[in-house]
Every structure is written in C-alpha cells, then in structure tokens.
Amino acid sequence: MRIDRIHIDGFGIFHDYDLSGFSDGLSVIYGPNESGKSTILEFIRTVLFGFKGKGSTNRYPPLNGGKHGGRIFLYDSQNEKFTVESHADPKGGQPSVGSQDNLPPNFDQLLETVTPKLFQTVFAFSLSELEKFESLTNDDDVINYIYGAGMGVRNLDEIIKKITKQQDDLYKEKGRIQEIPELIKKIEATNSGLKKCRSSLDVYNNCLNDLENLTKQYDEKLSKRDDFLERKKHLEKCNDAWDDWIEIQNAKDRLRELPVVEDFPSDGISRLERLLEERDNFNQMITKSEQKISTLQSQLDSCLINQNILGKEREIENLSEGWDKYKTATDDLPTLIAKRDRLNNDLENSIAKELPGSWSKERVLAFDTSIVTREEIRSYENELSNAKQKLETAQKSLNSVARSEKNRKPLLASFVVSIIVIVAILLFLIREDVGAVILLVGVALGGIVWYLQSKKLENEVTNEITQADRDKRMAEQEFYRVQNQWHNWLATQRLDKDIEPSTCRDILASIGELCTKIQSVDELNKRIDLIETTICDYTKKINDTCNSDNVAIAGNENTTTVVRQYEQIRQIKQQLNEEKEKVQKREKLSEDIEERKKELDLQKDEGDKKEKQIFELLVKGCGVNTDSLNEDNFRKRSEIFDKRNKYLKTIEEHEKSLKKLVGGGAVLEEFKKRLEEWVTKGREKLEADISDYSDKIGEYNKELDENRFKQGGIHRDLEQLKTDEQESSLKQEYSCQCEELQDKVDNWAVFTVAQKLLRDSRLKYEKERQPEVVKRAQNFFSCLTNNRYNEVKSPIKSSSDIKSSSNLNIYVVEKATGKKRNVTELSRGTAEQLYLSLRFGLVGEFVAHHNEGLPMIMDDVLVNFDPNRAKQTCKVLKELSAANQQILLFTCHPETVELVREVTEDPVVLKL
C-alpha cells in the first residue's frame, strides 16, 4: 500500500487540512518545531487502526474544531485507489474502508497480521521510540515476527499456547473437570444402570391395547369439538367486524354527497401562502437594490483620477525603496576603502615576512598548494630520511667491524696449548723425561694451531670490512641521488635549494593563509566597486526622474541636492498613494455596482419564478379554466379534497381491520357477503348462536380431559415396564461412551506430540540458522556504519528461552578487531543505527511474505547520527524506496533535507 493523500477533519492543531504530493518512494516532510509533524504521524496510526475504546483518553483532540478524525487515501500494488476513514466516538472509533470493489484481496488479512503496536514500533515510529531497545524486545508481536518469519509462521508462541490449552481441556494431571475425567464418570453411571434392568412383557402388552382403544375414542371426540370451534370462530369474527362494516357503509354514503375532486396538490394551501409571501419579499428587495445601485453610481462619477501621476508609479516606487540602500552605501564606502588599504598593507608585510626571497601576490596565487604537491613533499621527506638512516647504519656497521678486528684472538689455539701444558706439567711431576718430551711436542702443536687460526680470522675480518665499505658507498649514492631529486624539485618551484622538506611544508601553510587574505582583499574590492556602482546609478535615476518632470528641488540651500531631490520624490509618492487609493475606490465601486446588478437580476428572476410557481399551483388545484383560476376557488377545492380524503382514509382503515381479521383476496370477499347477511338478521341472533356453540364445546372438552387422564395412567404404567428397552438403550450408550473416550485419549496424545515437535523444531531452527530479519538487518547495519561492524548476531541460550517473549539477545561484531559488543556497549548514535537496521530488516521480511506492503514513516530519526552516517542512512532509504517501498521522513532540520537532495535526484520535499 502507498499513501496518496491525507485529509484531517479535526486532529490536534489541524482542521479541514489536506496533505498530498507524496512520492511512491522517498518523501521528505519538512517543518519547524510545533508545525504538526508528530500530530500527522499519530493521525496516520489512529486512522489505520482506530481510536481507543471507552475508558481511555483519545490523544490530540481537535483544538481548532472539526470532527475528531479524518481519511487516508491509499493505492494498492495494482494502483487501485481506496480510502480508510476513522472518527472518534464513545466506543472508540474503528476504521471503515471505502471503495470495497477496489480493495486488494488480502487487505483484511494485512490489517489482522499487523497489530497497532507492531505498526507503531516498526513502520511508523518517532525518535523517542527508535532510541529505546525495549520497544523491540518487550513486544511479543515483534519478537515472534523476528523468529517466526523465516519458519513460515508469524506467531509460533500463540500456536503452542493454543495446542497446550486444547490438551489441558482434554486431560490435565490432578484435574477433575476436564473432558476425559467427566466422560469416565458418565461411563461408570451407565454401567450401574444396566445392573437394575428387569423384564415384564405381558403386563406391558395389555397396557398397549387399552391405550390404543382410548386413543381412537379421543380422536373422534376431538374432531367433533374442532368442528364446533371452527363454526364459533367464524361467528366471533363476524361479531368483531360488525362495527368496522357499519363505519365503512356510513363513509361511503357521505362520499356520494360531496362533489368529485379527484386530484389536488399536496399541502396546497400552505404552499400557496408561502409562495405569496416569498413573491412580496422579492419585490421589496428589488426596490432596495435599484436604490443602492443609483447611490453607488453617483459616488463613482464624483471620483476623478490624475493619470499623469499614475504613469510614474514604477519610477517613484523604485527610487523610494532604494533610498535606504543608497544611504547605507554612502555611509559604508569610506569605512570599506580604509579597511581595504589596511588589508593590502598587512598582506604585503606578511608576504615579505613569512616567505623567503622575492614573492608577489601573483606568485602566491599561482603557487600549487594542492594535495598532490603536499604528497610529493612528504614523499621526498620520507625518502631523504630513509636514505640518511641507511647511510648512518652503514657507517656504524663499518666502524663496528674495524673495532672488532683488534679484539679477535685465536681462542682455540690458546685453549689447546693450555691443556697440553697442564698435562705435560702433571707428567713431568710423575716422570721428568716423558713430561719434557710431551711439553715440547705440545708447544709445537700449539704454535701450528695458533698460526692456522690467526690466518683464518684475518681473512674473515678483511671480507667483513670490504662488505661494510661497499654498503656504505651504496648508501651514500642513494642519499645523493634523492638529495639531487629534491634540489631539482625545489628549482622547478623557484625555491632555494637549501630548504628542507619540513620547512617547505611550513611555506605551503603560509601560502595557503596568504591566499585566503588575498581572496578577502579581492572580495572587498568587488564589494567597493558594487557600492560605487549603486551610488552612481541611484544618483542618475533620481536626477533623471526629477529633471524629466521639471520638478523644483525642495529644501533650503544648506541641504545636498540628492536630499532635496529625495524630498521632492517623497511628496510625489504621497500624491501617488492618494491617486492609487482613488483607483482602488473606483474599482471597489465598480465591483459593487456590478455585484448589485447581478443581485438585482437574480432577484427579478426569482420573483418571476415565484409568479410562475403560483400560476402552476393554481392550475393544478383549480384546473385550466380561467374563470375558476383564483385563490378563493383554490381554497374551496382544497377543503372538499381534504374531506374526501378523510372519508377514504376511514374506509381504508376499516378495510385493513377486516383484512387483518380474515385475510385478503377471495376469502375477504366471501366474508363480506356472510357479514352482510348477518347484518340483515341482527346482532342479537349472532350473539345467541355464539353462546350455543360455546356450551357444546365445553361438554366435549370435559370428555376429552377424562380420556387424557386415563391415557396418562396407562403411560405411567408403561414407563415402569420398559425395562428391556432401557437395558438396550443403556448398552448402546455405554458403547458410544467407550468409543468417545478412546477418541479423546488419541487426541490428547496427538496434541502432546505436536507440542513437543514444535518446541524442538523452533529450538533447532534458532540454534542452526539466524532469523531472516537479523540477516537483513546485518546488511543494513554494515552499510550505515561504513562497514565498521560486519556482523549482527541474535543467539538463543537454551530451550527454556523459547517460553520468554523478550528473547531478543543482539550483539554486533567489529570488523577490524573481531570484538563482540552488546547493545549497552555501543554509543547512542550507533545503537540507534542498529535499531533502525532491525526495523529495515522487519519491513523487508514483511514485504517478502505479503503481496501488499505498508508505508514506512519516521519522525526525526537522524538527529543523533554524525554527518557521514546520516548520509549513509539517506542512501539506504533511497535504495529501499527504489525497491517499491514508500518512505515518509519527517524532519525539522534543513541539514537532513540537504542530505536527501545530495543522494537523490529531484526528491519530493513537502513543507508544513
């Protein structure tokens, strides 16, 4: 459904108010505070779902009058138009739908599916409802819709409750009033009755024979009694109709005495009196209108106009309106010139002070301070820093290798010699000759090892020094290369080659500030030129106007020429105003005359119509004969016609009484013939026959009563002897009760299994799959937060949580860190963006499962969003509206309107 137009008869501050022009997609309704945005939102909710019932206070009473309520004009998905209307009454006021033939086939189901609370929470909400998480978590309809939409049902909890109630109605543990316990009690009572049955067939058959004989006698006497009753009834009807028949005959006799007036206008006399009075009133009004037209024409002829002054209206008005602007310009010009000179001096001093070398304003403006230039400087700074760092690192490495050359010793050789010496000394102490030989051999071996290791260390140090020196030269080359590129870049920018990149960034900042000052000076020059042009143009115009009219300059010789000219213009304008007032007066007089003439023509037409109506009424009442066509004859014929109608009405009323007594058609005609015969015989004979029939009927009634008494005794005896039939009936009842018990036990088992399967299926679904609503909300929330949060989760804790209606446990995942955040850990704006995304998901899921959608209405929901996320939200609203979703966005902030215009081409913006 889409809203096409709303009409408010009376609601809050609105009375007889129309709002239309809504787009099928996104529409922005802009208005300042207290313009009625919240009132319109509440009006839409109330009209679609009705006013509250008795005992509650209806909000937004009609402060400015009108009937409390209004209408909403809607289109369905087939572009068929229909209307929903609601007005408050003592019982509340339910909505009524117009144009039933054009209703969408599922309109009633749609309003049954969406409760007023669900519509207020999801489809039509304000900022106060958006920022409360409880508006989503504390509503059973919203929770059930989130977890039931993907499973194909809307309210699974309600289904489980219904099954549980049906199960408890059959059987409940420790219960006594359920269907199964009650049925068991009945079976026990039936079984007890079967034990008491005995048979007595002979006595039973004799009683049947006696009863049959009495019945035949009863029927014969009853037939004779009924015959006498019918005769008595006919005579009583004749007696009842006697007075009506006499009145009918008397009325017919009087009708024959009156002249025949078959037709006469209904309520003719009062109509004639009214028409005569209206004709006289119109004649008086015509006389007054003619006198008023004559008076107005005299006033018009005496009002003369000076056309010469009116021809100068545009020039005089322009000069008068431009005086304040001219005076302000002459006062401001010296101050602006002094300010310009001061800014020029300050600018020149700033250029000389803040920029090295020779700089001019033109060079400052021409210098490139774009982001590309700043990035080039930052790039050179990084490259120089890296090259310098590499050079210092290479130098440190070379120095470290040189120092380590002096400290390296042949440690292995020293260790070997030391071991040999220790062993030789120990052997020398034991045996001198062996110790001496071993000592000599050890010294020789130590010397050889020392030499070989020293040679190896020398070669390693030489290689390390060579490599370190090579790395240093490469670092120096890289540093000089980057330094030369930087100097070349400075040369292209006409800057000193000794400037460092950091200093160059400061120069760029100074140039930016100087450009701002130069622009300020240029704007001030333009303003001074515009003021001077304004002064010159105004002076020329006032001179031309005064000179063209040969107007003498007013004022004394001490005043300036322009001031004296303005005084003359002021005097001419005063005269112009007087002439314009005369023009308005003549126009008003002319309009009044024309209006009076039209009114006079209408009065004459109405007077002629009254004369014609009087003539036509007389013709209807008196006929076309001109001799009898007068008021007196009309009144006489009216009197005769009324008398005839009175007698005819009397005949008709009594005829109705007869018809009511005996019926219509041939039966009535036959009754009239019999009645006329009895009238000739006399009423005394009729009443005597009625009395005779009454006596005979009384005798037959007495005999019938005695017969019925005997039959009653036999019936009582038969009831006591009916044991066999009672036993058969009790057996059949016992069998039926047992079958019914088995059916109810089977049903109770089915309900138990169904309840278990539904609970287990829901638990499995919520554990293994995210609700479709949450999945949709995840995409919207990621877009609103610029992909900062890429996941929205709604886990369930255990199977017992299904019984809780407020089981919406939501958390989000931050993309960069993977950290989970609950709603309470989010900022106010981010939390509102999450709540808004959930509502978008609910709306999307609703459209996916229904042929008809509902419009989405939001009141100032972007207040707490930063500009970037507010813009992202507008983009999401645009995408939703492009998918055939109507959205009405109320706001009091011009920034919101501009954001919508920025992301949408030609948006629909309505102002309150």
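**Close-up views of a predicted model**

View 1. D860 is buried, because its relative accessible area is 12%, under the 20% cut-off. This view, like those that follow, comes from a predicted model. D860 sits in the loop between β11 (856-859) and α25. Its phi is positive, about 50°, although D860 is not a glycine. Most residues other than glycine have a negative phi.

**View 2. D16, an exposed residue with positive phi.** D16 belongs to strand β2 (residues 14-20). Its phi is near 50°, a positive value in a residue other than glycine. Is D16 buried or exposed? D16 counts as exposed, because its relative accessibility is 52% and the cut-off is over 50%.

**View 3. Packing of helices α25 and α26.** Helix α25 covers residues 867-882 and helix α26 covers residues 894-903. Their axes lie 9 Å apart, at an angle of about 55°. The two helices are therefore oblique to each other. The crossing of α25 past α26 is right-handed. Which residues of the two helices meet? From α25 come P867, A870, K871, C874, K875 and K878. From α26 come L899, V900, E902 and V903. An α-helix has 3.6 residues a turn, so residues three or four places apart point the same way.

View 4. Helix α12 runs over residues 313-354, 42 residues in total. From its first C-alpha to its last, α12 reaches 58 Å. That is close to the 62 Å expected at 1.5 Å a residue. Where does α12 bend? The bend is at W323, by about 40°.

View 5. S638 is placed in helix α19 (residues 631-662). S638 is buried, because its relative accessible area is 5%, under the 20% cut-off. Which residues does S638 contact, leaving aside its neighbours within four places in sequence? These contacts are with F264 and I269.

**View 6. The whole protein as context.** The protein has 26 helices and 13 strands. Of its 912 residues, 37% count as buried. Take the contacts between residues at least 6 apart in sequence: 74% of them join residues at least 24 apart.

Methods: Residues are numbered from 1 along each chain as its sequence is written. This is a predicted model: local features need pLDDT of at least 70, side-chain atom pairs count only at pLDDT 80 or more; totals for chains, interfaces and linings use all residues. Side-chain values use heavy atoms; hydrogens and water are left out. Helices (H or I, at least four residues) and strands (E, at least two) are DSSP runs, numbered from the N terminus. The expected span of a helix is 1.5 Å times one less than its number of residues. The bend at a residue is the angle between axes fitted to the seven residues ending there and the seven starting there. Buried means under 20% relative accessible area, exposed over 50%, partly exposed in between (1.4 Å probe, protein chains only). Contact means heavy atoms within 4.5 Å. Axes are lines fitted to C-alpha atoms, for helices over the stretch in contact, and angles run from 0 to 180 degrees between N-to-C directions. Angles under 35 degrees count as roughly parallel, over 145 as roughly antiparallel, 65 to 115 as roughly perpendicular and the rest as oblique. A crossing is left-handed if the near helix is turned anticlockwise from the far one by less than a right angle, and right-handed if clockwise.
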